[in-house]
Amino acid sequence: MVNLFFKTYGCQANVADSQSLENYLISLGNVQVVENENLADLILINTCAIRDKAEKKVSSYIGQLAELKKNKTYLNIGVIGCMASYLKKEILTRFDHVSFVFGAKDDLNILKDYLHDLVLKLETIKEIYAHEQVHEQVHEKDNKVKFELKRLKKIINSKNVINNKVKELSDLSLGGVKNKDKELKQSFINIMTGCNNYCSYCIVPFTRGREKSYPSNILLDRIKRDLDLGVKEITLLGQNVNSYKDPVTNNGFEWLMEQVANLTGEFWVRFVSAHPKDMTIDLLKVIADHQDKLCTFIHLPLQSGSNKILQSMNRTYTIEKYMEQIDWVKKILPQATITTDIIVGFPGETEQDYLMTRKIIEQVRYDLIYSFIYSPRKYTKAALMLDNCSNEEKNKRLQELQTRQMEICFENNLLTVGKTFKTLVEKRLANGKLLARTKGNLRVLCDSKDELVGTFVKLKIKSAGRANLIGSLIE
Ligand code: SF4
């Protein structure tokens, strides 16, 4: 058996990619997942390049693995994903112990074939090592075994950057089912890859390539298959899901959502991320018409409340258009949870621009925001822009924004007390509570039995905190 350890950084697209690759490797029959790097024969690191901080974290983690490689020379360490897309050479030069690098926009079929062979080789080499250890103990070294060992080591440790191209769409590109023992079965499906938007701060178009939608017949077959496996929650993923276009029929995202909602079974569907430039009222109407399946959870990235900054970010919408969309959501899906992404301290952001973002937070009253200080990324336009705001000021703005948002989260959560929600139970947490989520993705903790994991239950909210609601089961 080959022991696999998977480390994933970054967004849900990365989580989906890792899950599908992990599922593929397990399906080979001679791979098992281990919870600790020390036990691994193969370590795969799926990387994120969205912020400098994320890259530093990945680099520091890769650096720590050098010691492991010294003690287990046949250990293979593979770096995949966004950082691997544009820093292949740097990674291989800087980290001598990395065995191969494979970028997010490279063809997964190639990686799949490579890993298939690698796993076979690792299995053999592990046996040979075990064999050799026995021989050493009895001082009977077998020259033939040693020769074979040397040959295999050479193959496995050769730094292999895979760059052939295969046209066929791999099932791997579509993501995977998260199927952990005693946890809700969730399916993360990439409906598209890449992005054409070139927001001036974003590296994704460089790491994941041009936008490409996958054919709906393949997606729907895949979703049906996952539902047959017992999946209860499906998340459709893309950098910009609402620009999805079926490459054969040209049908858009609204149509796809409707097709998924029409599939039989009791399940929920979520999606991330939507781009305000492509958000349509029709999508919200489809969600409203299929609320039994389509979750009332809208993540609409704002990034900034200032039109000047939005323009400089190349976001191609105005704050007026954005707020009109928020009004649609509130009117058509009044019970929807609304979340967003915000960048603080973008080059040129003045105190006044920042205050405009603060104003939007008060107006929308988001249920959650993901907020970060702007991080310059190589190759992007924004990296060349004049940035004259001090780090101290940026930190102050972020702190202030997050503090206020936490208060809003709490105030929103208090409004749920006394209400009853249909929820889907996800897993038992370390604190002994069961974690369930509402359609709006609100976290509800409750006391009950393990058998409820993976089922839909009604929970009445008894109390609320900033991050969690506490509920009790309605029989
Ligand atoms: S929409 Fe903009 S922020 Fe999102 S992935 Fe594309 S370029 Fe990046």
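How many bridges join strand β16 to strand β17, and do these strands run parallel or antiparallel? Five bridges join β16 (residues 420-428) to β17 (residues 434-438), and the two run antiparallel. Here a strand is a DSSP run of E with at least two residues, a helix is a run of H or I with at least four, and both are numbered from the N terminus. Two strands pair if DSSP finds at least two bridges between them.

The structure is predicted, with local features needing pLDDT of at least 70 and side-chain atom pairs counting only at pLDDT 80 or more, while totals for chains, interfaces and linings use all residues. Residues are numbered from 1 along each chain as its sequence is written.

A second sheet is open, with four strands in the order β7-β8-β11-β12 and mixed pairing. Its edges are β7 (175-178) and β12, each with a single partner strand, so one side of each is left without a neighbour in the sheet. Neighbouring strands of this sheet are turned by 15 degrees against each other on average, direction ignored. Five bridges join β8 to β11, and these strands run parallel; serine 187 stands opposite isoleucine 234 in β11. The pairing of β11 (residues 233-237) with β12 is also in the parallel sense, over five bridges, and threonine 235 has arginine 270 of β12 as its bridge partner.

Helix α1 (residues 12-27) lies across β7, β8, β11 and β12, at about 75 degrees to β7. Asparagine 190, in strand β8 (residues 186-190), counts as buried because it has 23 C-beta neighbours inside 10 Å. Alanine 16 is 174 residues away from asparagine 190 in sequence, yet their C-alpha atoms are 7.2 Å apart. Beyond its neighbours within four places in sequence, asparagine 190 has contacts that include Ala13, Ala16 and Leu237; contact means that C-beta atoms, placed from the backbone, lie within 7 Å.

Two helix pairs can be described next. The axes of α10 (residues 253-261) and α11 (residues 281-289) come within 9 Å and cross at roughly 10 degrees. That makes α10 roughly parallel to α11 (under 35 degrees; over 145 is roughly antiparallel, 65 to 115 roughly perpendicular, and the rest oblique). In this contact, Phe253, Glu254, Met257 and Glu258 of α10 meet Asp282, Leu283 and Val286 of α11. For α14 (residues 351-364) and α15 (residues 391-414), the axes come within 11 Å and cross at roughly 10 degrees. The contact joins Tyr354, Arg358 and Ile361 of α14 to Arg397, Leu401, Arg404, Gln405 and Ile408 of α15.

Finally, the residues around the ligand include Cys195, Tyr198, Gln239 and His275, each with its C-beta atom, placed from the backbone, within 6 Å of the molecule.

Conventions:
Axes are lines fitted to C-alpha atoms, for helices over the stretch in contact, and angles run from 0 to 180 degrees between N-to-C directions. Two residues are in contact if their C-beta atoms, placed from the backbone, lie within 7 Å. A residue is buried if 20 or more other C-beta atoms lie within 10 Å of its own, exposed if 12 or fewer, and partly exposed in between; C-beta atoms are placed from the backbone.
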